[in-house]
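Work through the exercises below with the model in view. Try each task before you read its solution.

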Amino acid sequence: MTKLTKRLGPTATALALCIGLVLSAQASAADLEAGKKIAFDRSKGNCLTCHHIEGGTLPGNIGPPLVAMKSRFPDKAKLRAQIWDATAINPHSIMPPLGRHRILSEKEVDLVTDYIYSL
Amino acid sequence: MKKLITAFGLALLITGCNATTPEKPASMKAQYEVALKNAQAAVEKAAAVDGEWRDIRWKKSKKRYLPSAIKAAEAGDYKKALKLLEIATFQAEAGYKQAMEQKNAGPRF
Amino acid sequence: MKKILTLLLSAGLVATATQAVSSPKEDLEKFRMYYEQRFPGIQLDDFGNGPYALDASKRLQWESMEEFPPYEDYIDKGSEIWETPFKNGKSFASCFGKDPSKVRVKYPHWDKASSQVVTLEGDINKCLKDNGEKPFGWKKGKIAHLGAFLGYEARGQKINVVIPDDPKALEAYEEGKHFYYAKRGQLNLACADCHIQYPGHRVRGQLLSTGLGQTTHFPVFRAKWSKAAANSDGMGTLHRRYGGCNKQVRARPFKAQSRQYRNLEFFHTYMSNGLAINAPGYRE
C-alpha cells in the first residue's frame, strides 16, 4: 500500500484517503491488531511506557490509563490529534509528538488511533 | 463526484507518466547531489544550536540516515539515497525548530 | 522577511529573558522547596537515594542489596589506582593532595583562569597527562573506579558547589540550567519533564527519581550497565548517564566532558547543594 501510494503521488493518496475514510468508519479486526502491535512496540508507539492498556505488561503510570476512550474522546479526530502532537494543546506535555516528529508514519498513527479508540 | 473523477484521472495520468518515462539515472544523481547538500546544510544548522537528533549521523545510531544515504548512492541506489536524505533533512529541520522553540526554556514546576 | 522578523523577535526575547533571569540562589530555593512540598516527610539527604526514597518496596530490595554492594570491589580498585605511583614516582596525591576524602567535594567548580567548569574526571585525566601517563577513558573503567573511591571517602560531606559572581560562570550555569529544562530529541523530552514533573511515577517498571539529589551518588553502579556488554562492569560516570538519557530521548548525545555536559553538571550539582555525598550508589 505504501509503495503504491508513493508511485501514484499525492492526488491518488487523497483519493485513497477518501475511499479509506468511507471504509474505515469501522476498523477491521486486522487493523485493530496491527494498531495494537504498533502501540505495544517499544520502538514504535511504546504507549505502555506511560499508559496502562489492558493486555499490556509492565505499564508505566505517567499518563492516564487508556480505558473508555470513546467517552473521553467522543470525537475520534481529537484523539488522533492528541496522538499526533500532544504539545499542540499543552506545549509542556511530556507525551512525544508521535506524528509531528514522525515517530510513527501517518498510516501508523491512523492504526494506533483506531486501536486506542476501541479501548 | 466530478472532482473525484478528475482526481482519479489525474492519478492515472501520473501513473502513466511514471511507467513510460522512468527517471534517468543521471537526473537521479543530480537530484541526489542537490538533496545531499540540502541535508548536510540542515544537519549543520541543527548541530550549531545543539539540536541534532540521534539517528541522523551519530556513530552509535543503528539508522544513521545521512551516512546511509551516501552509502546507498555510492552503490548506485539513488532512490534509496533520496528517501534516506528526506528523512535526515526532516529530522535536522525538526531538531533545529525544536531548539528554537525551546530557546527560552527554564524552570517550571 | 518573515523569517528575519521571527529571528529578530526571538533575539529580543532572549535579551529580555536574560535580564529577568533568576539568581542561582533563587533557583535553588524554588527547586528544593518544590520537592519538599511534593514529598513531605522525606529527609533532605534521602533525596540522594533516588527512587529508593520514594517507594517502600523498592527501598527494601535496595537495602538488602546494600548489605553486599556490587560496587565494593570497585572502591578497592579505585583505592589501588589512587595509591599506585606513576612512572615518574609521583601519584594522584601530587595533584589532589594527600587526603583522598577531601577531593570529591571540590567538584565541579568554576575555574577562573580557563573560564570553564572543571570536573573531577577532567582533573583526573589532567593529572595523568601532566605526569606523562595515558589518560583514562571518560565514561567507565578506571575513571569510575577512582571516582567511586574518592566518593566513598567523602561520604557524608555536603555538596557545596559555588557559582561565583562572574558573568562567564553565570553564563555556564545558565546554559546548564537551560539544558535541564529544554526538550530535545525526537521524543521531545527534557530532563525536567521526567524528574521534575513526574518523579515517583513509573516509566514501564522504572521509578523516576527526583532531580534533587541526582548527582550525589555518582559514579554509580547500574545493574543495567553491568549486563550491557562484556567490557562493562556496571560502573559509570555522571556524563555516561547523561549520554544514555539523551540517547533514550533520541537526541544525539554530547561527548562526555563536553562543554554542554560540564555546564549541566555545574547546574545539576548546585541544585543538590547541602545534600550529603553518598557515592558510589547503586541503581537498577
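A helix axis here is a line fitted to C-alpha atoms over the stretch in contact, and angles run from 0 to 180 degrees between N-to-C directions. The model is predicted.

**Exercise 1. Find how the axes of helix H4 and helix H7 of chain C cross, and name the arrangement.**

Step 1. Locate the helices. H4 of chain C covers residues 72-83, and H7 of chain C covers residues 142-153.

Step 2. Take the axes. They come within 7 Å and cross at roughly 95 degrees.

Step 3. Name the arrangement. Angles of 65 to 115 degrees count as roughly perpendicular. H4(C) is therefore roughly perpendicular to H7(C).

**Exercise 2. List residues that meet between H4(C) and H7(C), then sort the contact by class.**

Step 1. Start with H4(C). Its residues in the contact include C:Tyr74, C:Ile75, C:Ile81 and C:Trp82.

Step 2. Turn to H7(C). Among its partners are C:His145, C:Leu146, C:Phe149 and C:Tyr152.

Step 3. Sort by class. The contact of H4(C) with H7(C) has 8 nonpolar, 3 polar and 2 charged residues.

**Exercise 3. Decide whether the radius of gyration of chain C agrees with that of a compact globule.**

Step 1. For 284 residues, a compact globule would have a radius of gyration near 19 Å.

Step 2. Compare. Chain C has 19 Å, so the two agree.

Step 3. The C-alpha trace of chain C spans about 65 × 50 × 35 Å along its principal axes.

Step 4. Look inside. In chain C, 45% of the 284 residues count as buried. Of the contacts in chain C with a separation of 6 or more, 71% join residues 24 or more positions apart.

Step 5. Count the elements. Chain C has 12 helices and 7 strands.

**Exercise 4. Describe the side of chain C that touches chain B.**

Step 1. Count residues. 24 residues of chain C are in contact with 17 residues of chain B.

Step 2. Find the elements. Helix H1 (2-19), helix H2 (24-38) and helix H8 (167-181) of chain C each give two or more residues. H1(C) gives the most, with 4 residues.

Step 3. Sort by class. This side of chain C has 10 nonpolar, 6 polar and 8 charged residues.

Technical notes. Residues numbered from 1 in each chain as written. Chains lettered and ligands numbered in written order. Predicted model: local features only at pLDDT ≥ 70, side-chain atom pairs only at ≥ 80, totals over all residues. Rg over C-alpha atoms; globule rule 2.2 N^0.38 Å. Buried ≥ 20, exposed ≤ 12 C-beta atoms within 10 Å, placed from the backbone. Contact = placed C-beta atoms within 7 Å. Nonpolar A, V, L, I, M, F, W, Y, C, P; charged D, E, K, R; others polar. Parallel < 35°, antiparallel > 145°, perpendicular 65-115°, else oblique.
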